[in-house]
Amino acid sequence: RKLVSLEVMTETEATLARARGGDEGAFRELTEPHRRELQLHCYRVLGSVQDAEDLVQETLLAAWRGLESFEGRSSLRSWLYRIATNRCLNALRDKGRRPREVEPMVKPPEPTRRTEPTWLDPAPDTLLDTVADTSAGPAVRYEVKEAVALAFVTALQHLPPRQRVVLVLRDVLGFRAGEVAEMLETSEAAVKAALQR
């Protein structure tokens with residue numbers, strides 16, 4: 001087993017070296033396995049499929065441009081999540097700075113049976129099916145779908161951005177408190193406090 005893991009590690013390192021040398025195919029090989037889960041992460045935080053797709057593109061572009069700065073102290077997956085999380089937080093911050101929409105001349109009628117916020121988009125099932133590992137069994141597939149259920153994402157939208165991100169990274173994705181603290185450039189105590197709140 002150690003020999004196999006060493007071969008995989010050296011293969012990954014070789015792919016990383018090729019990507020750093022400008023090989024787009026090698027970069028795609030490194031990042032493609034994480035693309036869907038990054039998209040779901042951004043969706044959970046933002047509540048919009050379109051915004052999530054846009055931010056995944058921004059994340060991958062930032063990763064491509066900053067590949068030289070990846071030191072390998074954490075996994076490539078954690079590094080990509082760090083970039084995606086910071087992009088999401090920036091997007092949420094920017095939404096608060098945008099000028100309010102101009103009121104229309106005629107106010108549209110209020111929805112009668114709609115109780116969920118209008119800014120949420122349901123995640124397409126095809127997005128969920130590609131992330132859930134079919135060999136892991138139905139329980140794991142159920143958990144993945146439950147973690148992006150509209151009710152869950154709706155509840156997330158009512159949390160402040162930092163608490164929202166900490167909850168998703170810790171409880172949904174299972175990152176350790178230290179990893180989350182590193183991603184958000186804060187302390188483990190601050191991560192634990194945000195999760196408790």
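1. A word on terms before we start: a residue is called buried under 20% relative accessible area, exposed over 50%, and partly exposed in between (1.4 Å probe, protein chains only). This is a predicted model, in which local features need pLDDT of at least 70, side-chain atom pairs count only at pLDDT 80 or more, and totals for chains, interfaces and linings use all residues. Residues are numbered from 1 along each chain as its sequence is written, and side-chain values use heavy atoms, with hydrogens and water left out.

2. Let's turn to the charged pairs. Searching the whole structure gives six salt bridges, each being a side-chain nitrogen of Lys or Arg within 4 Å of a carboxyl oxygen of Asp or Glu.

3. The Glu 29 pair links distant parts of the chain, 11 residues apart: Arg 18 sits in helix H1 (residues 2-20) and Glu 29 in helix H2 (residues 24-46). Helices here are DSSP runs (H or I, at least four residues), numbered from the N terminus.

4. How exposed are these partners? Arg 18 is partly exposed at 38%, as are Asp 23 at 31% and Glu 29 at 42%.

5. Do look at Arg 77 and Glu 37 too: their closest N and O atoms are 2.8 Å apart in a salt bridge. Because Arg 77 lies in helix H4 (residues 76-97) and Glu 37 in helix H2, the pair ties together parts 40 residues apart in sequence. Arg 77 is partly exposed, at 26% relative accessibility, whereas Glu 37 is buried, at 17%.

Notes: Helix = DSSP H or I, 4+ residues; strand = E, 2+ residues; numbered from the N terminus.
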